[in-house]
2 protein chains.
Amino acid sequence: MNFQLTSTDSRSSARAGILRTGHGDIPTPIFMPVGTAGSVKAVHQRELVNDIHAEIILGNTYHLYLRPGIELLEKAGGLHQFIGWNKSILTDSGGYQVYSLGANRKITEEGVVFKSHIDGSKHTFTPEGVMDIQRSIGADIMMAFDECTPYPCEYNYAKESMHLTHRWLKRCVDRVSGTEPKYGYKQALFPIVQGSVYKDLRVQSAEFIAAQDQPGNAIGGLSVGEPHEDMYAMTSLVCGILPKEKPRYLMGVGTPENILECISLGIDMFDCVMPTRNARNGMLFTSEGIINIRNEKWKDDLTPIDALLGGYVSATHSKAYLRHLIISKEILGAQIASIHNLTFYLWLVKEARKQIIEGTFTGWKDTMVEKVSRRL
Amino acid sequence: MNFQLTSTDSRSSARAGILRTGHGDIPTPIFMPVGTAGSVKAVHQRELVNDIHAEIILGNTYHLYLRPGIELLEKAGGLHQFIGWNKSILTDSGGYQVYSLGANRKITEEGVVFKSHIDGSKHTFTPEGVMDIQRSIGADIMMAFDECTPYPCEYNYAKESMHLTHRWLKRCVDRVSGTEPKYGYKQALFPIVQGSVYKDLRVQSAEFIAAQDQPGNAIGGLSVGEPHEDMYAMTSLVCGILPKEKPRYLMGVGTPENILECISLGIDMFDCVMPTRNARNGMLFTSEGIINIRNEKWKDDLTPIDALLGGYVSATHSKAYLRHLIISKEILGAQIASIHNLTFYLWLVKEARKQIIEGTFTGWKDTMVEKVSRRL
């Protein structure tokens with residue numbers, strides 16, 4: 001994997017670049033649709049390519065490990081082959097999912113013992129084990145095994161947790177450097193900065209992570225309930241420390257507004273379930289603002305969902321038709337809304353990239369933040 | 001609308017033809033995917049065209065009348081425009097759905113008073129009203145308003161019901177001939193033969209229906225729980241009476257085996273929810289037999305769902321991947337299984353047509369019936 005900066009914005013920390021993996025070139029900033037257990041929910045792989053123009057998707061190690069399981073993924077020749085996806089894949093480490101299990105997991109120095117949400121069976125994730133799993137999945141980018149702290153989080157807990165994440169990182173780095181990829185292409189490891197909303201911890205963690213000299217770096221533990229101001233402050237602080245020449249991935253973020261703001265702070269990669277999860281509930285993100293398609297006001301609106309985006313789904317189907325499908329609980333409603341929202345997210349980062357390259361990013365960003373966050 | 005017979009089989013009553021509507025030519029025998037409320041469940045319209053090669057879909061008058069409602073459909077310029085479907089549409093008359101409401105409907109000479117399954121509101125369907133609704137929907141083929149008798153059904157009830165259906169048919173014919181299409185293309189009316197499983201009633205009804213001299217004719221009240229032998233006997237009897245030069249539509253049928261047998265008895269058109277409904281539960285119809293994809297035996301099977309059919313969905317995705325999606329309750333599982341099953345149904349009728357034209361239908365049919373009905 002390598003990363004090449006194409007342009008940097010003079011009035012902000014925004015950057016445009018190209019991230020190269022064994023499965024192609026990814027223009028940055030980029031948004032990665034979340035393909036939890038081998039499927040971006042309600043979206044076909046060919047729609048990710050043809051309609052959404054996705055370049056990389058995310059898989060969840062926790063889910064894939066439980067189902068379909070590592071043995072089958074290896075037999076298939078990795079996740080790309082199993083699901084029929086020829087572009088890049090990033091896998092998370094399972095840290096966030098395991099943390100979400102609450103009472104059903106126990107964290108020790110060695111790793112995490114947890115109970116499956118499917119059948120209650122007991123499993124252990126260690127830094128080494130999670131690296132092996134991601135090798136078997138065949139992710140182009142593998143995430144380090146970390147502990148994701150909740151919000152709010154006591155200072156002392158955040159500090160101890162950060163140190164645990166750092167010790168686990170050493171074990172992840174050792175395991176990756178001591179093993180080979182299974183399917184003939186390189187797999188990069190991204191370590192994760194933690195430290196909750198405490199500046200001194202974030203500085204300390206960012207310096208530690210930067211010192212590992214891995215191909216890219218991530219920021220975790222944000223977008224977990226803290227005020228947006230804290231998210232932006234921590235992101236800005238950390239981006240000032242992480243090396244400029246490597247890609248920066250802000251995990252689990254966020255709304256279109258969050259994404260634009262964090263691009264301006266120096267982030268290159270994003271993922272979030274929001275565009276697909278909210279789509280299934282009828283919330284649409286458009287170039288003109290946010291639409292709750294269930295509202296009566298869209299009942300007779302025969303105009304396209306978002307003509308500006310173009311493309312079959314967003315420019316052909318009307319708001320009234322999509323509303324009818326969502327209200328009638330037709331699966332096609334979830335399909336169209338999900339394709340639309342992801343098309344919009346990918347359009348937004350592509351447009352941001354263009355504006356960065358043309359030197360017009362900051363003004364455009366200020367206008368767009370207002371547009372994309374208003375409720376129509 | 002017109003119908004042209006291309007070939008007739010010498011060893012059975014099977015026929016191949018072309019049905020022409022204002023929205024294109026439909027090769028027969030044909031299967032019509034069911035698009036209940038303006039969507040074939042879990043299938044995108046472009047997938048109906050590109051993957052499934054559907055030429056005509058079915059809409060349910062009862063569902064469309066309740067949601068999105070006739071006013072919106074008229075504003076959109078009809079159902080074709082509303083859902084973005086440029087090929088043909090046939091609408092049922094609501095008779096079957098209303099009959100399924102059981103205690104929530106009352107049948108009188110005038111029509112049926114029923115309560116909406118959505119909000120309990122009270123509505124009345126009359127033969128005239130249902131013709132007006134189908135005019136507003138803009139169906140290329142409109143079905144007469146009938147009473148669909150249950151199975152088993154007392155002889156006297158079946159007889160009285162048949163006469164009511166015949167009296168209603170007269171009112172449907174009058175209404176259609178006294179009104180104009182709303183969207184510039186012709187709309188054909190198909191009357192429906194009833195009479196339960198009683199030979200004398202079926203003969204009487206078929207003669208009455210044939211005498212109306214409408215552009216096509218349908219057989220209703222079958223596939224409601226009666227033995228297959230009764231279904232075939234009634235179909236054969238009625239096909240012997242309905243005019244040869246007009247298309248014959250057997251409503252709500254059926255399994256691949258039923259379809260092949262009824263093609264050989266002289267049926268040209270079919271519809272059934274089975275391929276989509278069963279797909280969502282993991283039952284796949286393939287050229288080699290029936291698969292319950294939830295079974296453990298498919299867990300590691302990385303071969304395509306049905307390589308013989310070709311096409312992206314059936315020939316690319318593996319049984320193991322589809323099983324994983326269905327077991328994990330991923331929407332994409334329902335999507336892939338639904339596209340596959342409909343692709344298979346359309347492949348089957350297309351193949352039947354080819355065999356009829358080539359004069360090899362009967363032998364092929366006997367082999368295929370065995371293949372498609374076995375459980376793998």
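Helices (H or I, at least four residues) and strands (E, at least two) are DSSP runs, numbered from the N terminus. This report uses those names for a predicted model, in which local features need pLDDT of at least 70, side-chain atom pairs count only at pLDDT 80 or more, and totals for chains, interfaces and linings use all residues. Residues are numbered from 1 along each chain as its sequence is written, chains are lettered from A and ligands numbered from 1 in the order in which they are written, and side-chain values use heavy atoms, with hydrogens and water left out.

## A buried arginine

Start with B:Arg15. It sits in strand β2 (residues 15–21) of chain B. Is B:Arg15 buried or exposed? B:Arg15 has a relative accessible area of 2%, so it is buried. Buried means under 20% relative accessible area, exposed means over 50%, and partly exposed lies in between (1.4 Å probe, protein chains only).

The side chain of B:Arg15 has polar partners. It reaches the backbone oxygen of B:Lys244 at 2.8 Å. It also makes a polar contact with the side chain of B:Asp268, again at 2.8 Å. A polar contact is a pair of N or O atoms within 3.5 Å; within protein, one must be able to donate a hydrogen and the other to accept it, and residues adjacent in sequence count only if both atoms are side-chain atoms.

## Where the chains meet

Now look at the two chains together. Contact means heavy atoms within 4.5 Å. By that rule, 38 residues of chain B touch 38 residues of chain A. The size of an interface is often given as the accessible area lost when the parts come together. Here the buried area is about 3500 Å², and carbon and sulfur atoms give 55% of it. That area is the accessible area (1.4 Å probe) that two parts lose on being put together, summed over both.

How many salt bridges does the rule find across the interface of chain B and chain A? There are six. Each is a side-chain nitrogen of Lys or Arg within 4 Å of a carboxyl oxygen of Asp or Glu. A:Asp51 and B:Arg46 form a salt bridge, with their closest N and O atoms 2.5 Å apart.

Several helices of chain B each supply at least two residues to the side that touches chain A, including α1 (45–50), α13 (319–327) and α14 (331–358). The most comes from α14(B), with six residues. The residues on that side of chain B divide into 20 nonpolar, eight polar and ten charged. Ala, Val, Leu, Ile, Met, Phe, Trp, Tyr, Cys and Pro count as nonpolar, Asp, Glu, Lys and Arg as charged, and the others, Gly among them, as polar.

## Cysteines without partners

A search of the whole structure finds zero disulfides over all chains. A disulfide is a pair of cysteine sulfur atoms within 2.5 Å.

| Cysteine | Closest cysteine sulfur | Distance |
|---|---|---|
| A:Cys172 | in A:Cys148 | 15 Å, too far for a bond |
| B:Cys262 | in B:Cys239 | 7.9 Å, too far for a bond |

A:Cys172 is buried at 0% relative accessibility. B:Cys262 is buried at 0% too.

## Backbone details

The peptide bond from A:Thr28 to A:Pro29 is cis, with omega near 0 degrees. A:Pro29 lies in the loop between β3 (24–28) and β4 (30–32) of chain A. Another cis bond joins B:Tyr151 and B:Pro152, with omega about -5 degrees.

B:His53 is not a glycine, yet its phi is positive, near 60 degrees. B:His53 is partly exposed, with a relative accessible area of 48%.
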